[in-house]
Amino acid sequence: MAAVVLSKSASRGLVTKNTATAKITLSDGQVVVADKTIILKNSNILDVDFQNGAVDTSSNVNDVLLGSKAKIVTLADGKKVLDLNGGYVTVKADSEYFNNTDYTFVADFKKDATAAGKTGRLAYFNGSLIVSVKDNGLEAIVKTNEGSKTLTASNLGIADTDWHRVGVTFSGETGFAKL
């Protein structure tokens, strides 16, 4: 997996300032100039880069720890990836992860040649999201204050050793979830 990104609709993040200027002419001919600066923030609350170790490059700079079986390996093309191998990655719990009304989770993954027929959990965010890779499909469990919703997608052609991308988007305002 090259990177894991979890985003939400608004959070702390890299700040960019954008200024708009409006020139308004009143009925008496007087001109009023108004400047409005809008601060836009990067909405990533977790952006783990495995190229330089397991480092969170989001503005939260979360502590990312590899469990005992998980390791970073270098592929033949020189890219570094995370090999979970039945292990896990722990990220320090931060209030940014809880009670999100909108979020998107995206991860790239591929199965090892010996993983045929095996399933495993790709992501587990306590109280909000679980993403599991099945033999030839995906399952996402989205948790809200109204209960849990399970989304499944099968016959996806992922029972191979190619790279695949999974994305889960949830909107608390509309109740819409997409896998």
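**Entry 1: Lysine 111**

I started with the side chain of lysine 111 and found one of its polar atoms 2.8 Å from the backbone oxygen of lysine 134. Another backbone oxygen, that of aspartate 135, lies 2.6 Å from a polar atom of the lysine 111 side chain. I jotted down the rule for a polar contact: a pair of N or O atoms within 3.5 Å, where, within protein, one must be able to donate a hydrogen and the other to accept it, and residues adjacent in sequence count only if both atoms are side-chain atoms.

A reminder to myself: this is a predicted model, where local features need pLDDT of at least 70, side-chain atom pairs count only at pLDDT 80 or more, and totals for chains, interfaces and linings use all residues. Residues are numbered from 1 along each chain as its sequence is written, and side-chain values use heavy atoms, with hydrogens and water left out.

Where does lysine 111 sit? I found it in the loop between E10 and strand E11 (120–125). Strands (E, at least two residues) are DSSP runs numbered from the N terminus, and so are helices (H or I, at least four).

Lysine 111 is buried but has no salt bridge, and aspartate 135, the nearest side chain of opposite charge, is 4.2 Å away. Buried means under 20% relative accessible area, exposed over 50%, and partly exposed in between (1.4 Å probe, protein chains only). A salt bridge needs a side-chain nitrogen of Lys or Arg within 4 Å of a carboxyl oxygen of Asp or Glu. For charge, Lys and Arg count as positive and Asp and Glu as negative, while His and the chain ends are not counted.

**Entry 2: The salt bridges**

How many salt bridges did I get by this rule? The count is two. In one of them, aspartate 108 meets arginine 165 at 2.6 Å, N to O. Aspartate 108 is in strand E10 (residues 102–109) and arginine 165 in strand E15 (residues 164–171), so this pair ties together parts 57 residues apart in sequence. Aspartate 108 is buried at 16% relative accessibility, whereas arginine 165 is exposed at 60%.

Lysine 134 turned up again, in a salt bridge with glutamate 139, with 4.0 Å between the closest N and O atoms. I have lysine 134 down as partly exposed, at 31%.

**Entry 3: The whole chain**

Last, I checked the chain: it has zero helices and 16 strands. Of its 179 residues, 32% are buried.
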